[in-house]
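Please keep the sequence and the three-dimensional view at hand while reading.

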Amino acid sequence: MNDHVLRLDDVHTDIGEYQVLHGISFNVPEGGVHVLLGRNGAGKTTTLRTIMGLWRARSGAIVFKHHDITAMHTSDIARLGIAYVPENMGIFGGLTVQENMRLATADGSFNDDRLGQIFELFPAMEKFWPKPAWSLSGGQKQMLAISRAIVEKRELILIDEPTKGLAPSIIRAMIAAFQEISRDTTILLVEQNFLFASSLGRNVCVIDDGRIVHHGGMGELAEDKALQTRLLSLSLDAHQ
Amino acid sequence: MTDTAISSAPPADRGRTGRMIVYAVVFAIGLALAFAPFLFQDVRSSQVAARICVFIVLAASYDLLIGYTGIVSFAHTMFFGLGAYGAAIALKGMGPGWSAVLVGGGAGVIVAIVLAVLIGVLSLRVKAIFFAMVTLAAASVMMVLASQFSQFTGGEDGIVYKAPDLFKPAAKLLTDGDGKVLKLFGVSMNGKIAAYYFVFLCCFVLFLALIRIVRSPLGTVLEAIRENEMRAEAIGYRVVAYRTSVFVIAAVIASLAGTVWAVWLKYTGPETTLSFAIMIDILLMVVIGGMGTMVGAVIGVVLMSLAQFYLKDLMEAASSATANIPLVPNLLDPDRWLLWLGILFILLVYFFPAGIAGTLMKKGSHR
């Protein structure tokens with residue numbers, strides 16, 4: 001049995017004339033939250049976009065379950081069961097909350113149980129169900145983006161910096177929601193907020209200058225402040 | 001309700017009030033078109049009413065492209081022309097029968113589908129500006145072809161033909177006890193009435209079909225694609241396939257509108273179907289009415305058509321009425337109607353930046 005839901009093998013990605021990823025390799029085990037950490041401009045978002053086919057890998061292989069998705073079309077990758085929550089949330093402001101969620105269903109119909117779970121996690125979604133998405137606050141937009149990603153069962157959810165610009169109370173709600181979601185879905189999380197990442201992550205990969213410079217258990221990194229400082233140029237204390 | 005009254009209402013109510021105003025206006029236009037032969041009994045008015053019906057479908061189908069999907073095409077009149085020329089050539093060759101309308105209209109639709117698929121698949125992957133250029137080139141080629149293949153198309157002169165017998169002025173739609181044409185509210189129930197209601201009903205059905213499309217899940221996907229292609233791709237929608245499908249649907253509707261227009265006019269030529277002036281008119285109608293609203297097309301077409309047909313008359317009357325005032329009669333000279341039409345459009349765009357329906361329906365939005 002293949003216990004890796006996703007495998008990146010020596011992935012190189014160029015954006016225009018610049019090479020951003022210089023041979024990224026890591027595995028994402030099935031289940032739980034796995035974190036990709038790194039400084040600004042290290043290549044975290046590019047890694048997620050390359051997995052989704054939004055940037056094309058110049059070389060290397062990306063394998064999701066048993067499918068080589070390296071050269072696949074973005075929409076086909078999404079249909080295989082990978083949801084992507086981009087940094088800017090990726091919601092459609094002109095559509096209602098309901099329409100945004102319906103877009104992510106396979107046949108346009110909702111599973112009542114699943115919708116009930118989403119409303120429990122994010123009560124604001126039920127409250128603003130018929131409202132246009134542009135009228136939501138930043139935190140609610142993030143909730144909508146995540147709700148849309150889990151409106152149907154996904155094998156893997158790629159989430160890019162979900163806490164960016166959010167109030168602490170909303171971040172706490174996000175932590176609870178991600179713990180719940182990760183019970184039956186694998187999450188690959190890109191994050192700069194180390195506290196948030198360390199409270200959720202099972203494994204961590206640290207990326208720098210388009211290369212993986214560290215991978216291992218999150219607990220190990222959370223306990224080793226010297227390692228944090230060396231890898232992230234940030235200490236845990238700085239975030240506390 | 002005036003704009004001032006709308007502005008003093010709370011934001012949520014403003015949007016609702018604006019929508020109510022737009023729907024009320026569109027409903028009134030629908031009623032006026034439904035009873036046009038009884039309300040306006042002169043020949044010119046029935047010509048204007050029929051043109052409005054056909055152009056509502058043409059502009060609404062263009063709104064499906066530009067307003068709902070964000071596709072800028074200059075080939076819409078090409079598809080309109082294909083339907084019109086199909087029916088015209090068949091009516092000329094096969095004689096004035098329904099089979100000719102069906103065969104010609106059907107052929108026009110098939111050619112429109114083939115061309116739309118080709119243009120869509122080959123060029124909808126490229127940037128919007130390049131796609132617009134491709135459609136402009138295709139439309140220009142079609143104009144040249146219509147002009148060059150004069151043995152089929154009549155060249156620059158176009159084709160004159162007869163419509164099915166039912167639409168002849170002498171045809172008796174309803175008769176009284178003496179076998180004479182029945183008059184209802186002073187209007188003879190003859191072939192002219194049949195022809196108008198053929199146009200009205202065909203256009204009504206096509207417009208309802210467009211409304212059904214934009215209210216369906218497909219309409220939601222199209223709006224998502226217009227808002228952000230990448231995001232739509234990332235949740236599993238093949239954007240090129242959707243854009244091509246919509247391009248084909250709009251082409252088919254435009255082609256059918258062309259067939260109806262050809263049957264009504266009994267003349268088809270480059271100036272009535274394929275010209276670039278018509279393409280600009282459609283674009284203006286959609287922009288003035290409000291892109292991405294569908295009902296905006298109705299308002300835009302009515303405003304533009306009334307201005308194009310009646311502004312000159314209005315200015316002539318105004319010029320005569322102000323004959324004693326210096327300069328004013330010169331300014332209102334009917335020959336300057338295009339200048340005033342231009343000023344009218346500038347004012348409309350200034351005061352209704354999202355089009356009339358678009359601005360009224362979105363009042364209270366804070367996007």
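The structure is a predicted model. Chain A contains 10 helices and 10 strands. Of the 240 residues in chain A, 53% are buried.

**Overall form of chain A**

- A compact globule of 240 residues would have a radius of gyration near 18 Å, and the 17 Å of chain A agrees with that value.
- Along the principal axes, the C-alpha atoms of chain A fill a box of roughly 45 × 40 × 40 Å.
- Among the contacts in chain A with a separation of 6 or more, 67% are between residues 24 or more positions apart.

- An open sheet in chain A is formed by 4 strands in the order β2-β1-β4-β5, with antiparallel pairing.
- The edges of this sheet are β2 (18–29) and β5 (67–68) of chain A, each of which pairs on one side only.
- Strand β4 (residues 57–64) of chain A pairs with β5(A) over 2 bridges in the antiparallel sense, and D68(A) in β5(A) is the residue opposite V63(A).
- Helix α1 (residues 44–51) of chain A packs on the sheet and touches β1 (4–15), β2 and β4 of chain A. The direction of α1(A) makes about 110 degrees with that of β1(A).
- Is α1(A) largely enclosed by the rest of the structure, or largely open? Because 6 of its 8 residues are buried, α1(A) is largely enclosed.
- The buried residues of α1(A) are K44(A), T46(A), T47(A), L48(A), T50(A) and I51(A).
- After α1(A) comes G53(A), which has a positive phi near 80 degrees.

- With strand β8 (residues 186–191) of chain A, β3(A) pairs in the parallel sense over 5 bridges. The bridge partner of V35(A) in β8(A) is L189(A).
- With strand β9 (residues 203–208) of chain A, β3(A) pairs in the parallel sense over 4 bridges. Here H34(A) stands opposite N203(A) in β9(A).

**Helices α6 and α7 of chain A**

- The axes of helix α6 (residues 138–150) of chain A and helix α7 (residues 168–181) of chain A come within 11 Å and cross at roughly 5 degrees.
- Angles under 35 degrees count as roughly parallel, and α6(A) and α7(A) are therefore roughly parallel to each other.
- Which residues make the contact? From α6(A) they are G139(A), Q142(A), M143(A), I146(A) and I150(A), and from α7(A) they are I170(A), M174(A), F178(A) and I181(A).
- The residues of this contact comprise 7 nonpolar, 2 polar and no charged.
- An α-helix has 3.6 residues a turn, so residues three or four places apart point the same way.

**A residue of chain B**

- A137(B) lies in helix α7 (residues 128–148) of chain B.
- The relative accessible area of A137(B) is 41%, which means that A137(B) is partly exposed.
- A137(B) and A75(B) are 62 residues apart in sequence, and their C-alpha atoms are 8.3 Å apart in space.

Definitions and conventions
Residues numbered from 1 in each chain as written. Chains lettered and ligands numbered in written order. Predicted model: local features only at pLDDT ≥ 70, side-chain atom pairs only at ≥ 80, totals over all residues. Heavy atoms only, no water. Axes fitted to C-alpha atoms, helices over the stretch in contact; angles between N-to-C directions. Parallel < 35°, antiparallel > 145°, perpendicular 65-115°, else oblique. Contact = heavy atoms within 4.5 Å. Nonpolar A, V, L, I, M, F, W, Y, C, P; charged D, E, K, R; others polar. Pairing = 2+ DSSP bridges. Rg over C-alpha atoms; globule rule 2.2 N^0.38 Å. Buried < 20%, exposed > 50% of the residue type's maximum accessible area, 1.4 Å probe, protein only.
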